[in-house]
Amino acid sequence: MNRHAPTLEDVAREAGVSRATVSRVVNGVRNVDPAIQDQVRVAIERTGYAPNRAARSLVTRRTGTVALVVSGAGDGTGDTSEEEQNAFAARVFADPFFGRVVGGVVGFLRPRSTHPVLMFAESPEARQEVLRYLRQGNADGALVVSTHPDDPLPALLAEAGLPAVLFARPVRPVALSHVDLAHWDGGRLAAECLLARGCRKVATVSGPWAVAASQERLAGFRDTMARGGHPYVPVAEGGFTLDSGVAAMTELLAEHPDVEGVFAANDLMAQGVCQVLRERGRRVPDDVAVVGFDDSSVAATCRPPLTSVRQPVEDMAAAMARLLDEHVRGLRTEPASVLFEPELVVRESA
């Protein structure tokens with residue numbers, strides 16, 4: 001004869017508490033003594049009790065999922081083709097930054113029995129799909145990583161009154177919480193590193209000029225170099241990709257062959273810089289010192305390993321998820337911001 005599925009009453013008997021106490025623990029009600037919570041969780045493990053997610057959502061008004069949205073600006077003209085959609089996804093997954101975001105989000109959500117649902121919003125139709133998904137109550141809210149400064153999704157979410165938190169301060173003011181890095185200080189750290197090495201002729205590979213983080217990193221670098229007596233810093237624009245780093249460094253070397261130090265605004269571009277220098281017979285760091293940004297997995301595997309300005313992406317992503325959790329639970333009603341500080345991680349390239 002099949003054993004019946006464990007119930008709240010079974011857990012209560014095993015734990016030696018009331019059914020109501022078990023219900024409060026299962027539904028995440030906070031006014032339960034921590035020792036009793038542990039007692040109930042042990043009883044749940046022993047009995048094999050599995051909460052009915054649908055019934056639980058009626059009580060908690062939580063779905064146990066959040067939308068992790070990677071959003072771009074699109075062209076505003078309608079749907080993107082399947083080829084364009086695939087290319088957008090490929091760019092996202094090729095960047096180690098996104099994997100670090102996912103790791104930080106999952107690290108916060110998983111102990112709370114909440115899981116992310118990955119969504120792409122690279123076109124007007126895709127953005128409307130995200131809005132519908134949230135309005136229909138399929139997720140508790142959205143964690144948004146925008147890849148373009150003109151992304152309209154944050155404003156759409158704010159106008160709809162949907163819970164959402166952004167990774168990075170939006171270019172245009174939006175009444176949503178966000179986490180970000182002190183990017184200007186990151187650029188300052190890179191400049192101080194090259195100045196301390198005695199580099200006199202320096203150049204930089206910036207990120208896309210339209211991106212606020214790129215502008216701030218560049219400003220911090222140039223301001224600090226100017227204070228150090230180097231008012232002119234050649235700049236080549238990159239696109240946060242390996243290939244754009246190769247193209248930018250090729251351009252800089254053609255115009256400034258005597259360069260002694262290079263700051264690249266992310267590690268993928270710094271890897272491209274090192275590749276070009278190696279191909280041209282320039283030793284890193286003996287002939288040219290190179291500093292990257294992010295301290296991603298690329299930094300450790302680059303030849304040589306990169307000195308890089310660390311962006312604590314995992315911690316930032318966890319903070320983003322924490323802010324959303326507080327908004328959803330009604331613990332926070334006004335937009336908030338959390339600003340993280342960068343640090344220089346010294347390896348062999350500078």
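Biologist: How many positive and negative side chains does the protein have, and how far apart do the centres of the two sets lie?
Modeller: This is a predicted model, and its charges are counted from Lys and Arg on one side and Asp and Glu on the other. The count gives 37 positive and 44 negative side chains. The centres of these two sets are separated by 6 Å.

Biologist: What share of the residues in the protein is buried?
Modeller: A residue counts as buried if its relative accessible area is under 20%. The protein has 350 residues. The buried share of them is 47%.

Biologist: How many helices and strands does the protein have, and what box do its C-alpha atoms fill?
Modeller: The protein has 14 helices and 12 strands. Along the principal axes, the C-alpha atoms fill a box of roughly 80 × 45 × 40 Å.

Biologist: Where does Gln311 lie?
Modeller: Strand S10 covers residues 307-310, and helix H14 covers residues 313-328. Gln311 lies in the loop between strand S10 and helix H14.

Biologist: Is Gln311 buried or exposed?
Modeller: The cut-off for a buried residue is under 20% relative accessible area. Gln311 has a relative accessibility of 3%, so it counts as buried.

Biologist: Which residues is Gln311 in contact with, leaving aside its neighbours within four places in sequence?
Modeller: Contact requires heavy atoms within 4.5 Å. By that rule, the partners of Gln311 include Phe97, Phe167, Arg217 and Phe293.

Biologist: The structure holds three aromatic pairs. Why is the pair of Phe97 and Phe167 edge-to-face?
Modeller: The ring centres of Phe97 and Phe167 are 5.3 Å apart. Planes over 60 degrees apart count as edge-to-face. The planes of these two rings stand at 85°, so the pair is edge-to-face.

Biologist: Which elements hold Phe97 and Phe167?
Modeller: The pair links distant parts of the chain, with the two residues 70 apart. Both Phe97 and Phe167 are buried. Phe97 is in helix H6 (residues 96-109), and Phe167 is in strand S4 (residues 164-167).

Biologist: What sits over the ring of Phe293, and how far from its centre?
Modeller: The charged end of Arg217 sits over the ring of Phe293, and its distance from the ring centre is 3.9 Å.

Methods: Residues are numbered from 1 along each chain as its sequence is written. Side-chain values use heavy atoms; hydrogens and water are left out. Helices (H or I, at least four residues) and strands (E, at least two) are DSSP runs, numbered from the N terminus. Buried means under 20% relative accessible area, exposed over 50%, partly exposed in between (1.4 Å probe, protein chains only). The place of a charge is taken as NZ of Lys, CZ of Arg, CG of Asp or CD of Glu. Rings of Phe, Tyr and Trp (its six-membered ring) pair if their centres lie within 6.5 Å; planes under 30 degrees apart count as stacked, over 60 as edge-to-face and the rest as tilted. A charge sits over a ring if NZ of Lys or CZ of Arg is within 6 Å of the ring centre and within 35 degrees of the ring normal.
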